[in-house]
Amino acid sequence: MNIIIVGCGKVGYTLVEQLNNEDHDVVVVDERPEKLQNITDNLDAMGILGNGMSHSTLLEAGITTADLLIAVTGDDEKNLLCCLIAKKTGHCQTIARVRNPIYNEEIAFLKEEFGLAMIINPEQATAMEIAQIFQFPSAIRVDSFAKGHMSLLHFRIGPNSPLIGLQLFKFHQTMQRNVLVCTVIRGDEVIIPNGDFQFEANDIVAIASERRNALEFFRKIGAAKSRVGNAILAGGGKVSFYLAKMLLHSGIDVTIIEIDRARCEVLSEQLPKATIICGDATDQSLLMQEGLANAEGFAALTGLDEENILLSLYTNRVSGARTVTKINRIGFHSVISELDLGSIVYPRVTTSDYILRYVRSTNASKNSEFEKLYKLANGKAEALEFIIKESSSVSGIPLQDLNLRKNTLIGCIYRNGHVIIPSGQDMMMEGDSVLVVISGYRISDIREILED
Amino acid sequence: MNYAIILYILGCVLKFEGAFLTLPTLVGFLYGENSAIAYLVMAVICFLLGLLLTRKKPSSSNLYSRDGFVAVSLSWIVMSIFGAVPFLLTKEIPSYVDALFETISGFTTTGASILGNVEALSHASLFWRSFTHWIGGMGVFVFIMAILPLMGGSTMNLMKAESPGPSVSKLVPHVKDTAKILYGIYIGITLCEVVLLCAFGMSLFDSLTTTFGTVGTGGFGIKNDSLGSYTPAIQNTVTIFMILSGINYAAFFFLLSGKLKDMFKIEEVRWYLGTILLAASLIAFDIRGMYGSLREALRHSFFQVGSIITTTGFSTTDFDLWPEMSKCVLVILMFAGACAGSTGGGIKISRLVILFKSIHKELSILIHPRLIKKIRMDGHPVEHEVVRSTNVFLAIYFITLMASTLLISIDEFNFTTNFTAVVATLNNIGPGLDFVGPTQNFSIFSGFSKFVLMFDMLAGRLELFPMMILLMPSTWKRS
């Protein structure tokens, strides 16, 4: 696919990186030579220096032969204008990043009128991810599939967990039949476990399940936490705004701590029900005064990763709150993952996941529809959702008879309102939503899980 | 200060007053009364004086905020001074101070009277008395603006000074059209009430004067017992129209533009109706033993609550005889007043809502010292300026209340009389309690006290600030 990316910020960079990995031809456009240089030096992409809204620059970048244009500059208006011009000039699909809450209200209208294939709002997507964690705090990460009917729930095995030392085949006998262990992250490694696998403390385990069955499971292993009733959000950026809106909507009390007074004023106008505190979120006495010790949820969402990490570590020490840490830059991943930070969200990964999902789905064939994509363990594994449209080489055959590739797992099947945790006798059928976990290779069509 | 333009505006006002005075003249001639002559003479004088002052338009028609406030307060004073003369000429009110009190009480829609026997007045005077309510209710400037293209954009400064409420907003882009819509609604409500009252068997003259008193939220009755002797159906009709007149006129505008939902979204209207319902139920429960049936108790309680909260001041019964709790509820309602943007007086419900929200905010800040919170009305944040001016309004309000009570206590009446007399005039209600109760009148006070109460009435009608500005020396400096 020929892809043009306008804007070389954090998201732009990650996108180029990811799309490169998937063998797409990427051209990047930016007005800042040093940013462009950074990308062309480190990644295999072509850089065009110029204004992305300019017709001639876009022509130079090859808009006439491009299949997709992604506008991710810092300004919503620039992104929209860029997509509009691209649409008028070439025949490509367009994706714009739109973050302003005001436009966000009108997203359907914009999408329609500007002829956009997709609008991405990284802040809102990140907020959604955090909201899910607060809704289901037993897990450190929740990836939902089939419109929320199936979930991939990630949790860390605590030091006193009954799971430690348990072998996987025994797990299904002694614990519960209706959850399926999909992946285990141990250190830097991702394992799709087989029956002999033995759990260890600090493993991050992902299970596929229905939510209510999962809750039962978490109760059995003594890790169940009930839904968060109040939350403190450190930092009052856009993620905070979207998150507060979602949480307030589901009846969770929200306190936002933001240092900039003008921003506080804006927040208090837009979120009348939230408690807006103007102060430094790293001020320990302020945090305690605002009830951190009794908080049930805490999200560190300031603009500084270091601050966020410190805040979460502190919170985990002084309270039993469910903590979420936002990390913008991805360096030091291995160090961060060893810290007791609770859940970690990476807005730019979330964004590129969204876009990759779209790119792959345009590649998908007719007989299966590519629905969702989540990257696990820094992209080492992927959880994907397909909807089986027509019968093909994978459907109608019991799973045990399918010649699956290595490191492939069918985690869950959603059929007619029921979630099936598949055994060897189950099969995929037309109309099913299927959750597939793979590691070590990439696919954009369900048939690719079979060995050639 | 632009004195030329202020004189010009006063001239306009006098011309309009001349025109208004022709109506009682007409009534006088219809009933064949001699008093008609007095009104005719005064109409001609006002008109000629007005012509004299408006001979030529001043070269500079700039009307700044200060000029607007001064023009409005002076106009109201001048209007009252001239409007009082006919009472003197017809010898129905022999003292000019009393006549002035009666006229100011009329224009400010107070309805406090110095007359012991109202029924002795001629039809022309009764009509003029009630008609001043109607003029004063919506405001004379709103009327002038609806008709004359006065001076372009800066007329908003006049409207700001005359309209009740913490913040004034236009309904449509042009001041002139806004004024037309307001008067259109005003006249519409007036006609509805006249027709309904006639249908329930009131004579045309009675229904006209009663309607003027109702929709202007004035309260001058044409009978000594106010509305006590009319049928329950008539009293209930008046109750409904009093309550309607206390509603923000923006609500009627929404209603007319077919936005029924928006009307009930107005927070103030909901508070207003809720308060009426609660207060009337409380009183009905309290006075249930005094009347034959619960229905009658409800009728009286709703009438009195509507009359007091909208600052009309009609009465169907002597509420001075009611139990203490009911009287206390009524006195509290006197302070509350009607909605902003209505014809009613008092502190205004919206100000009270803003104040209660400020209290909530201040208390929350004690719990979270670094809390940032905006006060909201109708889902929109209230500007800090509005909150500040509301606080200052309340401060001036209570200082005026205390000072006036102190000043009239020279007359040595009891505290209830003094206090409720000031409350009833400052809030433009009319009757107070005890010696100024619904069956009594204000003639007992000395001339000095009457001037204090006249000031209170004007201050109350014009929302304190315009009258206070007159007292500031720097207002009168040339710049």
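I take a nonpolar core to be a set of buried Ala, Val, Leu, Ile, Met, Phe, Trp, Tyr and Cys residues joined through C-beta atoms within 7 Å. A residue is buried if 20 or more other C-beta atoms lie within 10 Å of its own, exposed if 12 or fewer, and partly exposed in between, with C-beta atoms placed from the backbone.

The model is predicted, with pLDDT of at least 70 needed for local features and 80 or more for side-chain atom pairs, while totals for chains, interfaces and linings use all residues. Residues are numbered from 1 along each chain as its sequence is written, and chains are lettered from A and ligands numbered from 1 in the order in which they are written.

**Cores.** I looked up the largest nonpolar core, which has 141 residues; Leu69(A) and Ala231(A) touch the most other members. Helix α10 (residues 238-249) of chain A gives this core its largest share, six residues. Helices (H or I, at least four residues) and strands (E, at least two) are DSSP runs, numbered from the N terminus. Another core, of 133 residues, lies apart from it and includes Ala99(B), Ile181(B), Leu182(B) and Phe455(B).

I then listed the contacts of Leu69(A), leaving aside neighbours within four places in sequence: Ile4(A), Val6(A), Ile63(A), Cys83(A), Ala86(A), Cys92(A) and Thr94(A). Contact is counted when C-beta atoms, placed from the backbone, lie within 7 Å.

**Domains.** For chain A I noted domain 1 (2-120), domain 2 (127-220), domain 3 (230-320) and domain 4 (362-449). The bounds come from an automatic or database domain assignment. Between the C-alpha centres of domain 1 and domain 2 of chain A I read 37 Å.

**Chain A against chain B.** Twelve residues from chain A and eight residues from chain B make the contact. On the side of chain A, α11 (261-270) and β14 (275-278) each supply at least two residues. I also looked at how β14(A) meets strand β1 (residues 371-372) of chain B: two bridges join them, and they run antiparallel. DSSP must find at least two bridges for two strands to pair. Ile277(A) stands opposite Leu371(B).

**Helix α9 of chain B.** I checked the length of α9 (residues 204-215): its end C-alpha atoms are 16 Å apart, which agrees with the 16 Å that twelve residues should span at 1.5 Å a residue. The expected span is 1.5 Å times one less than the number of residues. Nine of the twelve residues of α9(B) are buried, among them Leu208(B), Phe212(B) and Val215(B). Their cover includes α5 (123-138), α8 (175-199) and α10 (232-245) of chain B. Just after α9(B), I noted a positive phi of about 45° at Thr217(B).

Note on methods:
Contact = placed C-beta atoms within 7 Å.
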